[in-house]
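User: Could you walk me through this structure? I am new to it.
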Amino acid sequence: MTRAEAEPAYTIPPAAPVQQPAQPVDESDPERSFRRFSIVIAIIAVACAAAMSAWLPFEPTTEAAWTGLALLGGFAAAELLAMNVDVRSGVAWTISFTEIPLVIGVMVADFEIVLIAHLIAGLGTLAHRRSEGTLLYNTGVMALEICCAFAVANGVRLLLAADEMPWIGAFLGALVAPVASTVFALSTIWVLRKPLQLTSGLRLVGRVVVVGFVNSSVGISGYLVVSGVEYGWPLIGAVVLALTTLYWGYSDLLREQRDLEALADVSLMVAKSGRRVAGSATGDPDRLGREFAESDWDALAERIKDQLSARRIVLRFRLDGSDALHTVVAGALLPDGEYATRDDPLLRLHGTHARHLRYTDVNDEIAMALRARGADELLIVPLRSSTELLGVIEAHDRNSRLRGFGRSDRQLIDTMAAHLSTALDNRRLMATLRHDAYHDPLTGLLNRPGFAKAAKAPLTSSTPAVVVRVNLDVFSTVCDALGYTWADRMVVVAGRRLRAVLGADVPVARLEGASFAALLCCDQQQAHQIAQRVRAELSTPYPVDRLTVEASATVGYASTEVEDTATSLDVDGMLQRADVALRAVDEGEVRGYVPSMGQMFLRRFQLVTQFRQALDDGQVSVHYQPKVSLPNRTVLGVEALVRWTHPEFGKLHPDEFVPAIEAAGLIGALTSFVLDAALIRVRKWLDAGLRISAAVNLSVRSLADDGFPAQVTDALARHDVPPELLTFELTESGVMADPERALPILRELHTLGVVLAVDDFGTGYSSLAYLRQLPVDEVKIDKSFVFGMGTDLGDLAVVRSIVELGHSLGLSVVAEGVEEDLAREQLESMGCDVAQGYLISRPLSEKRLEAWLQARTARAAGRNSAAVLTLIG
């Protein structure tokens with residue numbers, strides 16, 4: 001006969017020890033279908049039993065009562081000696097010896113006696129196994145088995161008139177009964193939506209027929225021998241012993257086969273879970289652990305339960321380093337209030353092998369733990385990694401046989417525990433590797449790949465999203481002053497502040513250094529307000545060691561609501577937009593991206609990448625603006641100014657491309673180009689008998705290049721130009737950016753005899769303090785003061801002061817931006833030495849400069865046999 005032993009698996013989420021474990025409330029569709037199916041089976045069974053009672057009248061007698069008791073004992077013994085067969089993962093069916101007492105009962109007893117004895121024995125066995133969830137179904141099936149057996153037996157007797165051979169009908173009836181129950185079992189599998197292949201179902205029916213045939217044959221033979229042969233009991237005993245031995249041997253072989261299949265199933269489940277873990281796109285280890293438990297552990301628990309024929313399997317395990325225990329149960333529900341904690345004695349057992357515990361054979365502490373689980377017998381095996389306890393597997397109360405769990409059960413659960421321990425350990429390792437791959441090790445925030453994954457879905461949805469970029473401007477200063485250790489601590493604090501402002505649900509990443517990014521799901525106006533809060537919070541002073549570091553944060557953001565065909569809306573494109581906005585703002589401000597920014601930076605990028613080719617193609621040229629002495633208006637020199645005629649953008653002003661080239665590290669090539677062009681021009685003038693100097697602008701990078709003086713020496717020698725005819729103009733902000741590094745290079749240049757001039761003098765904040773230390777020969781008054789000199793008394797006073805200061809230090813004073821005669825006259829009255837500006841000439845190409853010199857100057861003899869050019873008019 002077959003019995004249903006299926007129980008649904010459920011998961012208890014981790015919680016504090018004082019909380020109650022969650023129990024399943026809502027039934028799934030298969031469970032509801034099974035309950036309805038059970039009711040239908042019960043109704044059919046009642047109807048069939050009523051029909052059989054009406055067909056086969058029953059007269060109670062004392063002899064019938066004794067027969068019923070004997071059959072009850074036979075049915076009970078057959079049920080207790082049952083064997084379990086795993087039909088499908090999650091559904092187990094029990095094959096028993098009930099055909100033996102059944103065939104005898106059909107021959108010698110009334111229908112009601114056999115039905116009652118069978119029901120009492122079957123239901124008692126189910127109660128002993130605590131299979132309450134399938135009680136209604138099994139009651140109906142057992143009643144239908146008896147109805148089918150008596151219907152076939154009596155139908156055959158009437159059909160064949162076999163009064164002299166009544167055992168034929170009984171034999172066929174006992175054979176039909178297990179086939180009918182198997183058909184109901186297969187129907188139940190279909191109802192539970194656990195598909196079974198047709199060949200597997202036919203094999204099961206075939207096995208049931210064979211076992212039923214043997215059992216029925218033994219029952220008929222035994223009855224006939226005992227009733228017809230004197231002293232036939234020993235023969236029957238020998239046959240029963242032989243048959244029992246055969247069944248036990250077959251059961252052991254079948255158990256070994258099923259154990260191997262179960263291990264293969266568990267290994268396959270573990271392997272599939274591992275592949276899903278390895279291929280998961282999420283970077284959240286906690287979410288990964290929940291998905292792994294819900295999708296895979298229920299099936300594993302069911303498979304172990306089926307194989308061990310246990311009333312309940314409990315898996316307890318820790319995920320991702322958490323102290324909380326996740327609990328998965330297959331089979332009977334755990335008692336209310338049962339919850340494993342660190343103090344649970346069963347979780348403190350040492351070793352890695354399975355323990356077999358019985359309520360009657362353990363100490364009081366273990367006995368209380370068993371009682372809390374509602375179990376009389378328990379197999380428990382820990383799941384351990386090399387360093388810690390990962391969880392445990394518990395098997396509660398064996399369903400079948402009078403004996404409990406045996407040696408083969410312990411071996412099987414040990415092997416399964418080894419597989420699961422490896423799976424858990426590998427999954428934890430994979431979660432750690434994934435976390436490290438997508439998170440910054442210093443701050444714990446996302447890194448660039450992690451941010452790209454987290455932001456991918458929101459940026460492709462229809463909801464507005466904003467990417468925010470944040471730079472902590474003082475980071476490099478702290479690194480230089482205090483070292484990377486303290487700078488890293490400052491970054492950690494900044495990351496915490498950023499997380500506190502934005503909340504735990506906002507993806508926040510550290511991209512590099514003190515540069516952060518965040519993704520906001522809001523409109524642009526809200527993003528601007530949040531960005532201002534971020535800037536204010538990150539600009540709060542940072543306690544570093546015993547110091548308090550003042551910091552300023554610059555914030556740029558880009559919204560998906562802003563349309564721009566120049567960049568895409570993917571993660572890289574949005575980060576690029578936010579970075580453009582970040583670079584477009586001044587220190588300590590907040591600014592959002594607009595398309596014009598992208599076009600500007602794209603143009604700058606094109607200029608940088610095309611610059612070297614432009615030098616080779618002759619697109620870059622040098623123009624010269626004359627400088628004349630005051631008051632005699634002799635042409636003393638020219639300033640070399642670079643110009644770029646771009647084939648696409650036309651004529652470009654130096655302010656448009658020089659800063660970008662300097663930032664890209666190409667300023668050295670530009671300086672060399674202008675220096676060579678200027679020295680070639682000076683050499684031509686020398687060859688023409690003119691001593692006209694040329695001034696070349698120097699960048700901050702040139703002042704930081706230790707090899708620059710040697711480069712100048714080589715250029716002067718190559719073009720055979722005296723060093724006093726070469727002037728280098730440097731901004732005071734460039735010198736003051738790093739005076740300790742710039743001063744040695746300036747001293748070397750001064751030693752060479754090169755003239756050094758401070759350009760844009762008066763616009764800096766500390767030049768007066770350093771002016772006496774700088775080895776310079778002249779100062780150039782910034783044109784902004786010269787422009788306003790005629791209308792602003794303040795500018796006039798500044799110019800006068802600079803002239804007096806320069807002369808007091810023995811320096812020559814040059815005024816640039818002279819555009820009016822009034823300005824020239826005022827400068828002459830102040831004693832300014834040199835004038836430069838549009839009043840004299842605009843910057844001119846080499847060819848036009850020569851024409852200007854011929855048209856606007858008069859040549860006269862000068863000192864040292866050199867001619868001089870004097871401005872006419």
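User: Is Asp440 buried or exposed?
Analyst: Asp440 is buried, with a relative accessible area of 10%; buried means under 20% relative accessible area, exposed over 50%, and partly exposed in between (1.4 Å probe, protein chains only). Please note that this is a predicted model: local features need pLDDT of at least 70, side-chain atom pairs count only at pLDDT 80 or more, and totals for chains, interfaces and linings use all residues. Residues are numbered from 1 along each chain as its sequence is written, and side-chain values use heavy atoms, with hydrogens and water left out.

User: Which side chain meets Asp440 in a salt bridge?
Analyst: That of Arg510, at 3.3 Å from N to O. A salt bridge is a side-chain nitrogen of Lys or Arg within 4 Å of a carboxyl oxygen of Asp or Glu. Asp440 lies in the loop between helix 11 (407-438) and helix 12, and Arg510 in strand 10, 70 residues apart. Helices (H or I, at least four residues) and strands (E, at least two) are DSSP runs, numbered from the N terminus. Arg510 also counts as buried, at 13% relative accessibility.

User: What stands opposite Arg510 in strand 11?
Analyst: Phe516 does. Strand 10 and strand 11 (residues 515-520) run antiparallel and are joined by four bridges.

User: In what order do the strands of that open sheet come?
Analyst: The order of its five strands is 10-11-9-14-15, with mixed pairing; two strands pair if DSSP finds at least two bridges between them. Strand 10 (508-512) and strand 15 (590-592) are the edge strands, each pairing on one side only.

User: New topic: how many salt bridges does the structure hold?
Analyst: It holds 22. One of them joins Glu729 to Lys780, with the closest N and O atoms 2.9 Å apart. Glu729 lies in strand 20 and Lys780 in strand 22 (residues 778-781), so the pair ties together parts that are 51 residues apart in sequence. Both Glu729 and Lys780 are buried.

User: Which residues are linked with those two in a network?
Analyst: Lys627, Glu639 and Glu816 are linked with Glu729 and Lys780 in a network of salt bridges.

User: And the largest nonpolar core: which residues have the most contacts inside it?
Analyst: They are Val712, Leu726, Phe728 and Ile781, in a core of 80 residues. A nonpolar core is a set of buried Ala, Val, Leu, Ile, Met, Phe, Trp, Tyr and Cys residues joined through side-chain atoms within 4.5 Å. Helix 19 (residues 667-687) gives the most to this core, with nine residues.
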